[in-house]
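Colleague: I am new to this entry. Could you please show it to me before we talk?
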Amino acid sequence: MNITCGTDIIEVERIKKAIEKLGDKFLNEVYTKNEIEYCESKNIKKYEHYAARFAAKEAIFKAISPTLNNKYDLTWLDMEIFNNEQGRPYVTLNKEKINMTVEIDISLSHIKDYAIANCIVKI
Ligand SMILES: CC(C)(COP(=O)(O)OP(=O)(O)OC[C@H]1O[C@@H](n2cnc3c(N)ncnc32)[C@H](O)[C@@H]1OP(=O)(O)O)[C@@H](O)C(=O)NCCC(=O)NCCS
């Protein structure tokens, strides 16, 4: 068993600019349909939620890359952030590509200017 952690912080403005400049090209490369639906439902605060998911995926990459990245050549869309009924975020990985058990716990926070994510991974 291997336990690793990952963290990432990002400026919300950076994600906002990428979305405004690149539009669907950026969105569809980084976010799943479900993630886009979730963020768009947040209206004026949507860029905070997009930034939080970007940070989450970076944090997960950091945590899993020692074990998984070289093996599976992961992309942004191989991980998906959902929220349970209480709003708590959780992650699913692309099981068609990653055929081993990976447990991930993630925590997100965001304010007007910054979003941050932390995760713990057990492989
Ligand atoms: C849910 C809550 C923790 C969110 O905190 P916040 O400061 O408003 O917002 P943050 O930016 O820090 O966090 C937002 C993220 O928290 C996460 N979140 C939401 N509900 C959550 C929950 N029940 N458990 C864990 N994480 C949660 C989500 O990932 C959310 O981001 P997302 O919508 O983009 O996925 C807060 O609204 C709350 O209910 N706090 C209760 C505090 C309390 O009862 N304190 C007294 C006892 S200690």
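Colleague: Which residues are buried in helix α1 (residues 12-22)?

Modeller: This is a predicted model, in which local features need pLDDT of at least 70, side-chain atom pairs count only at pLDDT 80 or more, and totals for chains, interfaces and linings use all residues. Residues are numbered from 1 along each chain as its sequence is written. In α1, Val12, Ile15 and Ile19 are buried (20 or more other C-beta atoms, placed from the backbone, within 10 Å of the residue's own; exposed is 12 or fewer, partly exposed in between). Helices (H or I, at least four residues) and strands (E, at least two) are DSSP runs, numbered from the N terminus.

Colleague: Why do the buried residues of α1 line one face?

Modeller: Seen down the helix axis, they fall within an arc of 70 degrees, so they line one face of α1; the arc is that of the directions from the axis to the C-beta atoms.

Colleague: And which residues are exposed on the other side of α1?

Modeller: Glu20 and Lys21 are exposed there.

Colleague: Now the strands. In which sense do β2 and β3 pair?

Modeller: Strands β2 (residues 79-83) and β3 (residues 89-93) pair in the antiparallel sense over 5 bridges; pairing requires at least two DSSP bridges. Met79 has Leu93 of β3 as its bridge partner. The two strands form a hairpin with 5 residues between them, and Gly87 in the turn has a positive phi of about 95 degrees.

Colleague: What surrounds the ligand?

Modeller: The surrounding residues include His49, Gly87, Arg88 and His110 (C-beta atom, placed from the backbone, within 6 Å). The largest share of this shell, 3 residues, comes from β4.
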